[in-house]
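Please view the sequence and the structure first, then read the sections in order.

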Amino acid sequence: MRPAHRAQDGFTLIEVVVALAILALTFGFAYQGLSGGVGWMDRGRHDERALSLADSMLERVGIDIPLHDGALSGRTIDGYSWQIDVAPYGAPGRRRFAAVAAHQVEIVVGWTDGAATRQIRLVTVRLAPQSAGQGW
């Protein structure tokens, strides 16, 4: 005796199409999430590189970059622009009689991230003998 014919022996074409549509949507959202994560990692890499460059330039001020009031700027091979601004720090009357001069040192490193321009800025105060603050 043959078993009675069941109403549904497999999936219908509509069920397969719906399952494929759900799978496509799932993969689409997963792709967007992963590509966004890669973009954030790339932005983080640029931030880290710019911060490292600014920090190393700040360390060089007073050693191989003179600690004199004024500005210097340039560009690295890999596309980062930088600027160093040194200015007197503190009240003018107090600086005149001191044996050391205080200078505010500002380092700005900038780069383009797609259509946006980004930058990192570090500011500190450095001390130098009074005669060192007489311009570049």
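## Terms and basis of the report

A salt bridge is a side-chain nitrogen of Lys or Arg within 4 Å of a carboxyl oxygen of Asp or Glu. This is a predicted model, in which local features need pLDDT of at least 70 and side-chain atom pairs count only at pLDDT 80 or more, while totals for chains, interfaces and linings use all residues. Residues are numbered from 1 along each chain as its sequence is written, and side-chain values use heavy atoms, with hydrogens and water left out.

## Overall organisation

The protein has 2 helices and 4 strands. Helices (H or I, at least four residues) and strands (E, at least two) are DSSP runs, numbered from the N terminus. Read from the N terminus on, the elements follow the order α-β-β-α-β-β.

Of the 136 residues, 22% count as buried. Buried means under 20% relative accessible area, exposed over 50%, and partly exposed in between (1.4 Å probe, protein chains only). The accessible surface comes to about 10000 Å², and carbon and sulfur atoms account for 62% of that surface. Accessible areas come from the Shrake-Rupley method with a 1.4 Å probe; for residues, only the protein chains shown count as cover. Among contacts (heavy atoms within 4.5 Å) between residues at least 6 apart in sequence, 51% join residues at least 24 apart.

## Strand pairing

Strands S1 and S2 pair in the antiparallel sense over 6 bridges; two strands pair if DSSP finds at least two bridges between them. Ala-71 has Asp-85 in S2 as its bridge partner. The hairpin of S1 and S2 has 5 residues between the strands, and Gly-79 takes a positive phi near 95° there.

S2 also pairs with S3, again in the antiparallel sense, over 8 bridges. Val-86 stands opposite Val-105 in S3. S3 is joined in turn to S4 by 14 bridges, and these two strands run antiparallel. Ile-107 stands opposite Leu-122 in S4. The hairpin that S3 and S4 form has 2 residues between them, with Gly-114 in the turn at a positive phi of about 70°.

What encloses S3? Of its 14 residues, 11 are buried, so S3 is largely enclosed by the rest of the structure. In soluble globular proteins, nonpolar side chains tend to be buried together.

The largest nonpolar core has 18 residues, and Val-61, Ile-84, Val-105, Ile-107 and Val-109 touch the most other members. Each of H1, S2, S3 and S4 supplies at least two residues of this core, and H1 gives the most, with 5 residues. A nonpolar core is a set of buried Ala, Val, Leu, Ile, Met, Phe, Trp, Tyr and Cys residues joined through side-chain atoms within 4.5 Å. Not counting residues up to four places away in sequence, Val-109 touches several residues, among them Ala-50, Leu-53, Trp-82 and Ile-120.

## Salt bridges

A search of the whole structure finds 4 salt bridges. In one of them, Asp-78 meets Arg-49 at 3.1 Å, N to O. Asp-78 lies in the loop between strand S1 (70-75) and strand S2 (81-88) and Arg-49 in helix H1 (residues 13-60), so the pair ties together parts that are 29 residues apart in sequence. Asp-78 is partly exposed at 43% relative accessibility, and Arg-49 is partly exposed at 33%.

The side chains of Arg-121 and Glu-106 form another salt bridge, at 2.4 Å, N to O. This pair links distant parts of the chain, with Arg-121 in strand S4 (residues 116-129) and Glu-106 in strand S3 (residues 100-113), 15 residues apart. Arg-121 is exposed, with a relative accessible area of 53%, whereas Glu-106 counts as buried at 17%. A further salt bridge joins Arg-60 and Asp-64 (3.2 Å, N to O). Arg-60 is partly exposed at 36%, and Asp-64 is partly exposed at 49%.

## A nonpolar surface patch

Phe-11, Val-16, Leu-20, Leu-23 and Phe-27 form a nonpolar patch on the surface, and their accessible area together is about 570 Å². Patches are made of residues with over 30% relative accessible area and no salt bridge; like charges are joined within 9 Å, and nonpolar side chains (Val, Leu, Ile, Met, Phe, Trp, Tyr) within 5 Å. Leu-20 is found in helix H1 and counts as exposed, at 53% relative accessibility.
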